[in-house]
Amino acid sequence: MKSVITTTISAADAAGRFPSSSDLESVQGNIQRAAARLEAAEKLASNHEAVVKEAGDACFAKYSYLKNPGEAGDSQEKVNKCYRDVDHYMRLVNYCLVVGGTGPVDEWGIAGAREVYRTLNLPTSAYVASFAFARDRLCVPRDMSAQAGVEYAGNLDYIINSLC
């Protein structure tokens, strides 16, 4: 799984060299942010059901037409699948926070997602709205510390930008 540490080591190895000073500074910065990432991961894990429900609800509130006949959420089964997808991405955000890199999202969430959603007639804008709501709903210090919030929001931004 890709992380700052594995990427740094892989790049140095591919070039047949030791990691450079700038490589090591990048790794050090990643390690220094680890406590904040783990705090965010813990808070998300302990409250993920509410986060997923609120994010999914925000999506359907913004795009209420999705529940019309012939649309992506025209049955309870399809609505449940949308919530399942949001839950899947939130788990990937959690994994990214633990790993300290975007590897989990890159490997399991982004690759081919837009094409799959287009094929199934699922608008990526609805998912983007869910993740933007989850990001914007964050309240520091109520939900987590400022640095943990930066790490959490950064991962959501990465997903949002990848789906746009």
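A residue is called exposed when its relative accessible area is over 50%, buried when that area is under 20%, and partly exposed in between. In this predicted model, Asp136 has a relative accessibility of 55% and therefore counts as exposed. The side chain of Asp136 meets that of Arg135 in a salt bridge, with 2.8 Å from N to O. Arg135, at a relative accessible area of 23%, is partly exposed.

Twelve salt bridges are present in the structure. One of them joins the side chains of Arg84 and Asp85 at 3.1 Å, N to O. Asp85 is buried, its relative accessible area being 12%, whereas Arg84 is partly exposed at 48%. A further salt bridge links Arg137 to Asp143, with the closest N and O atoms 3.6 Å apart. Through shared partners, salt bridges connect Glu54, Arg137, Arg142 and Asp143 in one network. Within this network, Arg137 is partly exposed, with 35% relative accessibility.

A search of the whole structure returned one cavity of 30 Å³ or more. The volume of the largest cavity is about 90 Å³. It is lined by 13 residues, of which Cys59, Phe60, Cys82, Ala126 and Tyr127 are the closest to its centre. At least two lining residues come from each of helix 3 (34–62), helix 4 (76–99) and helix 7 (124–137). The lining comprises eleven nonpolar and two polar residues, with no charged residue.

Met1 lies in the segment before helix 1 (4–14) and is partly exposed, with 48% relative accessibility.

How values were computed:
Residues numbered from 1 in each chain as written. Predicted model: local features only at pLDDT ≥ 70, side-chain atom pairs only at ≥ 80, totals over all residues. Heavy atoms only, no water. Helix = DSSP H or I, 4+ residues; strand = E, 2+ residues; numbered from the N terminus. Buried < 20%, exposed > 50% of the residue type's maximum accessible area, 1.4 Å probe, protein only. 1 Å grid on protein atoms, 1.4 Å probe; cavity = no way out; pocket = protein on both sides within 12 Å on 5 of 7 lines; lining within 4 Å. Points joined across faces, edges and corners; volume = space filled by probe spheres on them. Nonpolar A, V, L, I, M, F, W, Y, C, P; charged D, E, K, R; others polar. Salt bridge = Lys/Arg side-chain N within 4 Å of Asp/Glu carboxyl O.
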